[in-house]
Amino acid sequence: MNKIITKSLVLLALIIASCNESTFLDEENPNALTETNFWKNEGHFNAALAAVYGALQYRSVSGAELVQEFVLGDIAGTESWYRPYPFRNLTYTNGQIHLTNKWEELYVGIFRANTIISQLEEVDEDTLDDEAKAQIEGQARFLRAFFYFQVVHTYGGAMIHDGVAESIEELSKSISTMEEVNTQIIIPDLEFAMNNLPESWEANDVGRATWGAAASLLGKTYLYDEQWGQAATLFKEVIDSGIYSLTRNIEDNFWHENEFNEESIFEVNYSFDIKPGNSGFAEDDTTNGGAGAESTTLSTEVGHLQYGAFNTVIASYNLHEMLVYDEVDPNNSINDTNLESRRMNATIAPRNGEGDWYLAPFAEAKASWGGGQSAYLKKHSNWYHLDAEPPRGRSGINFRHIRYADVLLMYAEAVLNDSGDFMTAIEYIDMVRSRAGVYTLQQYMDLNGGMFPQLHVSKQVHGDHPLVVANAQTVLTHIQRVERAIELCFEGHRYKDLVRWGIVKEVFDDLRADEVWREANLDVTGQGEAPLFISGRVRPDFIQSSQNYRSAQHDYFPIPTGEVLNNPNLNN
C-alpha cells in the first residue's frame, strides 16, 4: 500500500485541479500535466487511483476526527471540555464542523473515483488492455461504493453523482434515499468489483481493494438493508474462501506491527516514517491537503493526557465492566498467566491493568484516575512501543475498516435473522470469543444447562449476570449488546449498529439507569469499588443523550449548513 499512497500523489492533485484551472496561463506549458496529455497509459491511471486511496486517509474517514463519532453510542464517554461533547449529548447542530468536513471529504473521494471511471469510458485498448482496465475500474468502483456507503449511513441519504459534474446545476442535486443509492451505485459497483478484482495482490500492491473487500462490503450493504439471506450468502463465501483467518494475537489488528495480516480485509495505510510533518499541524489528510497523507493523529486523540495525548474518548462504564467480565478460559492455549482477557488488554487501560502501559507497569502509570474516569483507551494509541505519544502527535497505525472478526459476527447475525439458527450463530460467535481467550457461549451452556450469562447487564448494579436459555432472541441480544460492542469498539461501527437495530433509546436508558444507581450507591469521595474503582464522581455520560435522543433527529447527521445554503435543491 505504501507505493499506492506515495507515488505521484501531487501529480494527480495537479491533474484534477487542471479541470478548473485551464485558463491559468494564456501560453500553454508543453511540460505541464493537463487533461489532454494525462490518461495516456496504465501508470497515469494508477497514479489517479493513488489519489482515490489517499482520500481514505482524510481525518473524518479514517483518522482523528472519528472520535466525534466514537462517543455517539454506548461504548464511550468524554468530558465537557472536549470537542466530541456535543455528539455524546446529542446536542450537535448542522453547523458542527465535523459534519461539514466528513461530507466534503467523502465527496472528494467520490469525485476522484468518478474522474477515473469517466476517463475509462474514453480509453482505447492501446492505452489499457482489458485486464488492466477491469482491475482499475473495479478498484475505483469499490472505493466509490465505500464512500457512498459512508455517506448514506452517516447522513441517511446522498446526492448521487455517477460521473464528473460539468456545471453548478449538475452539482446541485437533491438527496436520494438509501434504497436509491444502494440500487443505483453501491450494489452494482460492488458486484462489478467482485467480478473484476483479484483475491490478493503482490507485495508491492498490498492494501488495494480485493474480491474479499468487495464481497464483505456488499454483504454488509445487504445486512444493513435486512436482506438476511443475501448477506449470509456473501459472508459465507468470504469465510469459505480460505483467504482470511483470525490472527492469534488480537493486538495485531491495532498496532503498526503485522499490518495487512490474515485478518485484514480492508484497511487504510499510515506510516511513521514517510512524512515527518510540522509540529502543531494535523498529520491526517484534510480537504485542504493534497491527494493523501501518511501519518495519523488518531493515536493522539485517544491516547492518555499524561503521555502527551488528549484522552478525548474514554471507555464507558458499561464497556469497561463487560471487558472485566470477559472471563479468561485457563484451558485456552492463547492464555498463559494473564487474568484479564487478551481482548481487554488490547482495548482499554483500567486502574489495575496487567502488563505495561506506555512501556511502564500500571503501578507506575502517570494517570490520575480522577473525575470518574475508570478506564482509558489503548486501541489505536502508541502505548505498546513508546513511552509517550510523539511530539507531533503522529502514528503509523493503520485503520482497519473491515476485518475477518467483523465478517464472522455479521454472518452469525445474518444467519440468525434469516433462519433462526442460533446454534450456527453461536459457532461463529465462539470463534471470535475463543481467539480472545475467553469462555465461549457453548462452554457457558455446557456448564449451565443450556444457559449463558447476559454479560451486558451490570453485575455491579444488578448482582450476578442473569442466565438465559439460548434461543434466537437471546443470542441476537448477545451479538448486539456484548460481542460486537467489545470486539469492534472504536472501529467506526457501533452507533451505526445501534441505529440499524433500532435500540439506541433502550440502550441509553439502561445505561442512564445504571449511572443513577452508581450516583446513589458509590462512595464518590473515596476510591470506589471493584470492578471499576470509580473515584471523585460518577461520570454522567448518558444523562443528556437518554433524554435528548429522537430517532428522526439523531439516527443520522443532518446535511451540513453550507451544503443546504449553496444547493437550491436542498432548500425545499
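Residues are numbered from 1 along each chain as its sequence is written, and side-chain values use heavy atoms, with hydrogens and water left out. In this predicted model, local features need pLDDT of at least 70, side-chain atom pairs count only at pLDDT 80 or more, and totals for chains, interfaces and linings use all residues.

The chain has a mean pLDDT (the predictor's confidence in each residue, from 0 to 100) of 89, and 89% of its residues reach 70 or more. Where pLDDT is low, the predicted coordinates should not be read in detail.

Helices (H or I, at least four residues) and strands (E, at least two) are DSSP runs, numbered from the N terminus. The axes (lines fitted to C-alpha atoms, for helices over the stretch in contact, with angles from 0 to 180 degrees between N-to-C directions) of α3 (residues 42-55) and α6 (residues 97-120) come within 8 Å and cross at roughly 160°. The two helices are therefore roughly antiparallel, a term for angles over 145 degrees. Contact (heavy atoms within 4.5 Å) joins residues of α3, including Phe45, Leu49 and Val52, to residues of α6, including Arg112, Ile116 and Leu120.

Ala375 belongs to strand β9 (residues 375-377). With 0% relative accessibility, Ala375 is buried, that is, under 20% relative accessible area with a 1.4 Å probe and protein chains only. Beyond four places in sequence, the contacts of Ala375 include His320, Ala349 and Trp369. Ala349 is 26 residues from Ala375 along the chain, and their C-alpha atoms are 5.3 Å apart.

Key. Angles under 35 degrees count as roughly parallel, over 145 as roughly antiparallel, 65 to 115 as roughly perpendicular and the rest as oblique. Buried means under 20% relative accessible area, exposed over 50%, partly exposed in between (1.4 Å probe, protein chains only).
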